[in-house]
Structure formats: C-alpha cells, structure tokens
Amino acid sequence: MSSTGNYLFTAVIILIVSATGIIATVTMDAKIRDDSDLSQFYQLLEASQVANTTLTYRHVTVFAPTNRAFQKYSGTTKNLVLYHMSNSPKTIENLGDSISSELEGNPPLWVTKKTGTHGQEVYINNAKILMERSNFQSKVTVAGDVMTQVLHIINEVLEPVRSNSAEMPIYSPNAFEFLNQSENLDLGVHRVRIFRKRILTEKKEEVFKADGRYTFLIPVEEGFRPTPRPEKVDRVVIDGHVIPNNVLFTTPTPHNVPYETLAFTDNVKVTVSFLKEHDKVYVQSNTIVGDVRHPTGVVLAEIIKPNIPVRNGVVHLIQRPLMVVDTTVKDFLESFKGIEKKDGPVYKFYETIRDFGGEIMSTISHLRDVTLFAPSNAALEEPGVQKILQNKERVKEILNLHYVKERLPLDKIKNKSVSQVATAADRKKLYFNVAQEPSGNQIVTVEGGGVNATVVTANIAATNGLIHIIDRVLGVPYTNVLEKLRTDPMLNSTYFLGQRIGFNSQLNETRTRFTYFAPRDYAWSVSAISYPSTTKKIFMPEYSYHARQILERHLVIADEAYTMAKLREMKHNETFVLPAARDSLKLRVREAGESYQIEWEGTWIRVFRPDVECTNGIIHVIDAVLLKDSDIRVTGTASISSLASHLIMILVAKWLL
C-alpha cells in the first residue's frame, strides 16, 4: 500500500473511532478542562477531593452541565458535583431507568427516553443530554485494571433534595420521608403539612414509602382553602395524586397525555395529564368515572415547584388538590385574580370580564348550570382582539357568546348528542364539530360569531357547571370569506364549486364587503333531489358559466356587510333588493323562533347559521340553494345516485386541497 493510501486508511479509522469511538487517549479530566463551555463545572470538579479521586481511580459516568445551565441555576453548589457522577460507566445506549449518583446516600438519577423531532432524546431527571456532544469515553489504568469513564453533556443542572439544617441532614428520601421532613427541606415558602396530615389520617403512608417508580403530586398549604376542602381529601383523592410506574419530569413529559393514577379502579377512574403553556406547567386530574363523593370532570392545578427527585420517583408541588370539586365557575375565574396568578391559564379572560362585563360574572354566579368557553391567554393577546377590546359594547356581546346556560361535557358533544346550542348573546348560537386525527384522537371545535376555536382543555369541573378552555376568542374574526369557506366543514360543496370555476378568488378582496348566502352541504343534497338534472350539471365543467351565474346570485357585494338583524330592519317583512354579484337579489326576512328565514322566489329558506363574521364580510349559511329548474336547460334525466358520486368526489377533493 502506498504512503498516500496508508494516510487515507489511518484518517478513515480516526474518523470512525471519533464518531462511534468515543474511546480516546485524552483523559476525562483533560476533556472537561479543555472544553470552555464546561468551565464552571470544571471549577466544581477541581474543588472536590472526592470527585478528583473518582476521576483518577474509578469507573465513572459524568453528567456535565454547560455554562449556560449554570447561569440559570440559583441553588447551592455544595457537593453538587457528586450528584452529577456515578460509579457505573454508562453510554447512552446502556442507560436504564435510573443510575445511582455519588452524592451521600446514593440518590438515583432518573432516566427518560423519548422520540423527538430529530430522533431519540434522553433526559437525566429534567436535564436533556446533548447527544452530539456526549458518549465520550476514556480509559484509566489503575494497578493493572482498566477503568472506563464516560462523559455526557447536559443542558440543566441536576438539583438533589437539600436539607436546610446542618444538624438534620437528609439523604435520598423516599416520598413519605420527603413529606415527613418537609420543614427541614429547602422548599422556599411552601408547606405541605395539611396533605401530610390527610395521608396519616387516611393511613396511606405505605403508598408514599413504596419502592418503585412513581410521580407524586403534592398540594401545598395555600391550596386547602376554603376550610372544608381538607376533609374532601380522602383515600381515593390521595390515590389520585400518585401516578405509578412512571417518573414524570416536566420537560420530557408529553403535553396532554393521560396517565392512570392509583385511583384507577373498578369503581373510580382518574387520570392525570400535564399541560404546558408558555413557561408554566399545569397538571389536570380527569375523573372519568366517579361516585357520590368524587364527581366526574377535570380539576386543574399549577405546578409551583417542579421536579424534586426522591428515591422512589419525583415530587411536584402543586397549587391545589386535584379531584376536589368545591368551587363555582365564578370562583374558578376569580382564583386567578391575585397578582401572583396573572399567568394563570385564563387570567386574561377573567380580566376582560372584570373590566367590561361585571354583570356577566354576577349572572354566571347565579346560574345552577352553566358551561363557559374560556379563551386562553394567548388567544386574548392576538392583535385583532386587542383592537376590539377598545369597544365596550362589542366586548359585552362577545363575552356573552362564551357561555351557555346548561352543562355541556365534551362527551356529549363528541357523541353528537348536541350540534348547536343557544348562547347568552341575543340570537347567537355555538356550533360544534368533531374531527378525527390520523392518530385516532378526536378534536372538538366550537364556532361562535364566525370564529372556529379548538377545545384545548376540557371539562374543568365546578359545582355549577363546566369550563372548556379554547384557543381563540369567539366573535372576533381572523379569516376572510375565502379562508372561512375553505376550512368550514359544512361548506365543502360551495367552496369546491367556487374553486373549480374560479369564482372564489374575488373573496380575498379587502377593499369591499361581501355578504354571502352560502348553501351548506345539506342544501346541495336537497337540491339533488328537487332538481337532479340541474344540480348535476352545475358540477360538470362544461356548465361552468351557468354555475358561476348561480353562485353570483348568492353573493352580495357592497360597501358594508349585512347582518341578519340589519336585513330584518331594512323593510319590515317587505321585499328589498341587494346588489348581488350578478344583477340583484330580491329577498324578504323574518324571524322564526331563535333563528331567521329568508324568502326567495316565493320559498322561505332557513338560515342555519347566521352572521358568520369574516374580516371582509359575513357568511349566512342557508338550508337551500337559490336555484330554479330553468337555470340550466338540459335534456334527459340525471339519477340521484350519479350526483351522489359527484358530491363524494367533492368532499374527498376538498380535504386533499
């Protein structure tokens, strides 16, 4: 082999070893010392005689936080380096569920592996291993024995349980020892005495002493008001605060995935999931099956001190007990009024009601059954919403859109027991739709005032109703007429037809205002029965001219958009003329119960969803197509079954666009 070939061969071997190699002639000490991003960790290594001895003579795995991690860390550094070391050398591939640390008492470090967007992610407690910088290995020979040493770089400092008393040191406590010695631990201002007392009263100590892998949710003292609340924390409720077989630190735990608690039995079934909003994490208990003492529904609590590692899992201190339903809908909203709660999940909605709709709060408090659709903080921060908040009267109407005077659990909507419901706003309804994700999960959306919002947190239970948190403010439009047509599940046929013949492009226009009487899919099905030949031809390419004329009949173009109330006031049951896209549109309007009807060509047509507001107009969803048999002169007949195939193709094509 030539010298050039030898050189290339050697270079390839070096590259392979470096990529998988991970076994190097550089010592662990030198590797950490020479990495400028680990300088703060190296200072701790140098100052610890035990750590230095370990690196010199023993097998070791080191989890080294970056300098940035130390900048975010505010705790003590005494003996901290030993909590980042283990005497068992483990590459990422060989890490199990936990690994013992070198800190006194050998408290475990908990390992979480999950699939991320760029492949596998591995966490030690709440710290993420930086994969591309980890798995470094070196060898140390001691008295003829070869010691393996492994280095992993992590993005967060690992923090053990710390005693605040030199006279009463605490090493590697289990969850019960943590509770029992909590006054001697560094928990800041938080106390957990009431919950501990309930555990002792209900004789549930063994649950917190048990070996294994658990997540313990411990409510703090402040969360036990009002006074009767502690008595509601019985054996079942205590079990509802413990998740077995899972050690769930906040960062690696997936958003809104339910985990069964110890209170998941034949009689009562309770799950807990973690919710993440901005820089806050919440837990919610969901009592799926309850009993007389334990009502169904969701209870939400903020994690106020997360990720406290214990010998049998992890502890999170939470703002209030889970499962306990003892507050009204009004109380739930007002629980976020304290200065320290301004980042609560619906604080901004509470603030809006307080500032603009005080009578609404009073009304809600007196209702025996109410369901509140509460927009998230992010929803209220949208620029369009902030602009609307300057108009007090408009805000009151919008707020009334967000509650209904009955209990509407999400299952009732999912089972399609209800598809629409009247709101507290005059002649305004909410409309529901259930969509299936590829994963099989069901997504529930609610539309009010033309705005389609997704329910992100459902069934928060109150003594007089339910709260569903949604991701948009109802009644504040954010899409134009075209986008609303494209995304509305009831308007597939109208959208597809307009798209195929080039009619829809004008609906993006912002310099004018549209009022679109849009037939819903049901209307096209009725048309297929009443006018089979005409309806079939409308969807055929050779009749695009006629199809365009028919859609133009439904579209009013003017300097303003017309609500149904405004149309109703125009002529008081007399015929009026609107400037349609082609010629003019002659209508009459009347009220029918809680909805409206329009008369066209002698036929009264129900307005199924009035006043769907958009940024450049209004859509009125109607139950019939403005169609005459003479619109398209054809010979022969068309079968309903042949038209059905056209409509099925439309539905498929809509979702492929």
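**Figure 1. Arg590 lies over the face of the Trp604 ring.** The distance from Arg590 to the ring centre of Trp604 is 3.9 Å. A charge is taken to sit over a ring if NZ of Lys or CZ of Arg is within 6 Å of the ring centre and within 35 degrees of the ring normal. Lys209 likewise lies over the face of Phe176, at 5.0 Å from the ring centre. The model shown here and in the other figures is predicted: local features need pLDDT of at least 70, side-chain atom pairs count only at pLDDT 80 or more, and totals for chains, interfaces and linings use all residues. Residues are numbered from 1 along each chain as its sequence is written, and side-chain values use heavy atoms, with hydrogens and water left out.

**Figure 2. Phe195 and Phe208 form an edge-to-face aromatic pair.** Rings of Phe, Tyr and Trp (its six-membered ring) pair if their centres lie within 6.5 Å; planes under 30 degrees apart count as stacked, over 60 as edge-to-face and the rest as tilted. By this rule the count comes to eight aromatic pairs. In the pair shown, the ring centres of Phe195 and Phe208 are 6.3 Å apart and the planes stand at 80°, so the pair is edge-to-face. Phe195 belongs to helix H7 (residues 193-201) and Phe208 to helix H8 (residues 205-209), 13 residues apart. Helices (H or I, at least four residues) and strands (E, at least two) are DSSP runs, numbered from the N terminus. Phe195 has 0% relative accessibility and therefore counts as buried; Phe208, at 0%, is buried as well. Buried means under 20% relative accessible area, exposed over 50%, and partly exposed in between (1.4 Å probe, protein chains only). One aromatic cluster is formed by Phe195, Phe208, Tyr214 and Phe216.

**Figure 3. Tyr431 and Phe608 form a tilted aromatic pair.** Their ring centres lie 6.0 Å apart with the planes at 45°, so the pair is tilted. Because Tyr431 lies in strand S20 (residues 429-436) and Phe608 in strand S29 (residues 603-614), the pair ties together parts that are 177 residues apart in sequence. Both Tyr431 and Phe608 are buried.

**Figure 4. Strand S24 (residues 513-519) is largely enclosed by the rest of the structure.** Six of its seven residues are buried, which is why S24 is described as enclosed. Two strands pair if DSSP finds at least two bridges between them. With strand S25 (residues 555-558), S24 pairs in the antiparallel sense over four bridges, and Arg513 stands opposite Ala558 in S25. With strand S30 (residues 617-622), S24 pairs in the parallel sense over six bridges; here Tyr516 stands opposite Ile619.

**Figure 5. Strands S4, S5, S6 and S7 form an open antiparallel sheet, in that order.** Strand S4 (98-100) and strand S7 (127-128) stand at the edges with a single partner strand each, so one side of each is left without a neighbour in the sheet. Strand S6 (residues 119-124) pairs with S7 over two bridges in the antiparallel sense, and Tyr123 stands opposite Lys128 in S7.
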